[in-house]
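Student: I am new to this structure and would like to understand the words used for it. Could we go through them one by one, setting each value against its definition?

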Amino acid sequence: MEAGSEKTKQLLITLLPVLALAVLFILFCTFVKAKGYRLDIYLKTIFNQGVVLAVVATGAIFIYTLGSFDISLGAATLFAATVGVLTYNATENFPLMILAIFGTAVACSLFSSILASAFHIPAFVTTVAMLSVLSAVSAQIITTKGGALGGIGIPKTLVKPLDNPPFKITLLAIFFLVCFFVFQLTKIGRRQKFIGGNPVCARLTGIPYNKYAIIAFTMAGIGVGLGAFLTLVYTPSVTTTTASGIGMNIFVAIVFGGMPISGGARSRIHAALIGGFSYILLNNILELALEGSSAYGITQIVSAVFFLAVVCVTSMNYRTDLLPR
Amino acid sequence: MKNNRLFKAIMIGGVLAGAMAFTSVQAAAADLKIGVLVADVSGEEAQGFRAYYENYIADNYDVEFVYTDALEDAAGEKAAIEKFVSQGCQAIISLSSSDRATQLDTCEEYGVYYAIASGVLDDELFEAYKGYEYFAGQVGPSNATEFEAGVKMGEFFKEQGVTSVAMYGAFIPNPMHVFRAAGVIAGLGDTYGGTNDMGGMIGQIFADQKVDPAKVEGDVELCAYLQGYGDTTTDEINAVVAKEPEAFLSVGMATTFFTQILNEAGIPFADIDSFTEANGAAIKEGQLVYLAGKYSSSIGPVFALIKNAVDGNVIRDEEGNAPSFSQGYLVATDGASFDEYYVADNGDTPIYDKETLDTIIGEDVTYDDVKALVEAN
């Protein structure tokens, strides 16, 4: 009887983020309809806002599962997009541009990881350093090449045919399925959860931290590359502020998706996908609800309060009978 | 038990949010709905513009303005335009410049009129987009005007006989601030990297991403420089004050950030901003001695271009392209000259009041009518 109740409780906890996403979606549609706005355009915009966050955050799940984190993912997205634009403008070769974007993204991510592994520096420190370096280098390139235009870009005709939901949904689905496979159906995901849950125990069991950290950062790099590519598909230009909010939004998305920031056994690969879209929906609901208010920043404040509430509620469920870390 | 409380909380939250959705429906729709893209939400200039549109234009014309929060990048601008279209806006006015090309393309795609009210497209971009069907035009200081505004500020202090100044570069590499900063150096009679040519200086400042005091040469010494605003700004401005410059020359936002500290230090300062109440106090009671600014209603003609376009009279120049009008800056150097512009452009009696704007709103209004009025003010 007690086992059944515990099972139901766990199921509810697992389903809660999905339910929250469904509730937010219904609320959003209700708001838009009640105000007489066009739902089709709004949904397209929401999807475009959410898809970049969702892919970058899905890749980042691998890092967070280890109990680590990477604050430089937004800057890496900017840098990868910048290199992509430079590559296309130099060669006018679209496949090469895509290759440059993914190559740069994975290289940036791996560099952070190798720095942390080789010099035994906490990932927190290396990624903060990478955030500064990548932002500064990107800004230098963009302002030098962009001059009075304030940004650099590729021809809009190049990516316009790709700026449609079916293409983006396909990319998102493929990336998610690959991540799902690696995370859920291979030993990589299981071992990463083990390391995140109890690194000392994992090490004593013979699981090499560095190997799984490199895999995690590589997956995150692929997510960053995809995010940079999708950013260029939506707006074929890069400015110094492109993707600036992604780094912090990943935190929020993962928490909204029901995964503990500390990683470990309760990590969920779908957390970023669900949380990313939940966060974007919440922001837009607040915008609609507070429309007409002349006070700036109210949306962010309410969003922050909501975030704290979610952390409080979810943290209640993290108290388990597992061995202490 | 814990789960029961959780689900009760969710249920209550859902009901409350649902109620909010139904109670936040707009009361009555205006004939014209305009979305305004905003990047700077806190500056004196931005607040003055907003007050003019919301408190004067909206009261005198059947129009509703919808504003964005502070936009940070091109994707945010594009998403904001799409939301405005969804909300039924017939036109977009842009005060945000992360990526104007994408803004124009998006408006063209959705068939909503678009006008630029702050800064203008550079020549190359304007050439590319001037033929767009839904581009209603641009009114604002051109890059050459920005440079000239800086030159005049520099010349003012050179004529005062200063030999050592500090400079605030605001948000360089923002192009507007780069052009102004280059102008200030040229106006002081100095060179930057060995040149006082606008193009040469601009290129170097973009490459440096700042003004490098070591590259400034001439009779007037640039003894200190800072830019941006962040955690270290207070220390930086204190370091500037410690160097005791004879004047503090800013290319934007100094009146927002530094008025108090410069007043306390007794350092005369200059800024390019707008004619607002706070800036009036700074020039009358503080150390602000030179203000080049726009008045709040200077964005009136942009509204006229948009209203005409939505009403069916899309203003075009002689060649059939979107109009581009350059607005200069007004300069105040004391309380009296400040009041000349501020009192004339205040509250219910803006310079571009209804009577004036009505002369350029209507089905028979031409490009020449708008040009004549903008150039006269």
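Tutor: Let us begin with a pair of strands: two bridges join β10(B) to strand β11 (residues 269-274) of chain B, and these strands run parallel. This is a predicted model, in which local features need pLDDT of at least 70 and side-chain atom pairs count only at pLDDT 80 or more, while totals for chains, interfaces and linings use all residues. Residues are numbered from 1 along each chain as its sequence is written, and chains are lettered from A and ligands numbered from 1 in the order in which they are written.

Student: Which sense of pairing links β6 and β10 of chain B?

Tutor: Strand β6 (residues 164-168) of chain B pairs with β10(B) in the parallel sense over four bridges, and B:V165 has B:A247 as its bridge partner in β10(B).

Student: Why are β9 and β14 of chain B said to stand at the edges?

Tutor: The open sheet has six strands in the order β9-β6-β10-β11-β12-β14 (chain B), with mixed pairing. Each of β9 (221-226) and β14 (330-332) has a single partner strand, so one side of each is left without a neighbour in the sheet. For β14(B), strand β12 (residues 288-294) of chain B pairs with it in the antiparallel sense over three bridges, where B:A292 stands opposite B:V331.

Student: How do you know that B:M253 is buried?

Tutor: A residue is buried if 20 or more other C-beta atoms, placed from the backbone, lie within 10 Å of its own, exposed if 12 or fewer, and partly exposed in between. B:M253 has 22 C-beta neighbours inside 10 Å and therefore counts as buried. B:M253 lies in the loop between β10 and α10 (254-257) of chain B, and its phi is near 75 degrees, a positive value in a residue other than glycine.

Student: What makes A:A243 buried?

Tutor: A:A243 has 29 other C-beta atoms within 10 Å, and therefore it is buried. A:A243 lies in the loop between β2 (237-238) and α11 (246-256) of chain A, with a phi near 60 degrees, which is likewise positive in a residue other than glycine.

Student: Why is helix α8 of chain A called mostly covered?

Tutor: Eight of the eleven residues of α8 (residues 187-197) are buried, among them A:R191, A:K193 and A:F194.

Student: Why are α4(A) and α10(A) called roughly antiparallel?

Tutor: Helix α4 (residues 94-118) and helix α10 (residues 209-234) of chain A pack at an angle of about 150 degrees, with their axes 8 Å apart. Angles under 35 degrees count as roughly parallel, over 145 as roughly antiparallel, 65 to 115 as roughly perpendicular and the rest as oblique, so α4(A) is roughly antiparallel to α10(A). Such angles run from 0 to 180 degrees between N-to-C directions, with axes fitted to C-alpha atoms over the stretch in contact.

Methods:
Pairing = 2+ DSSP bridges.
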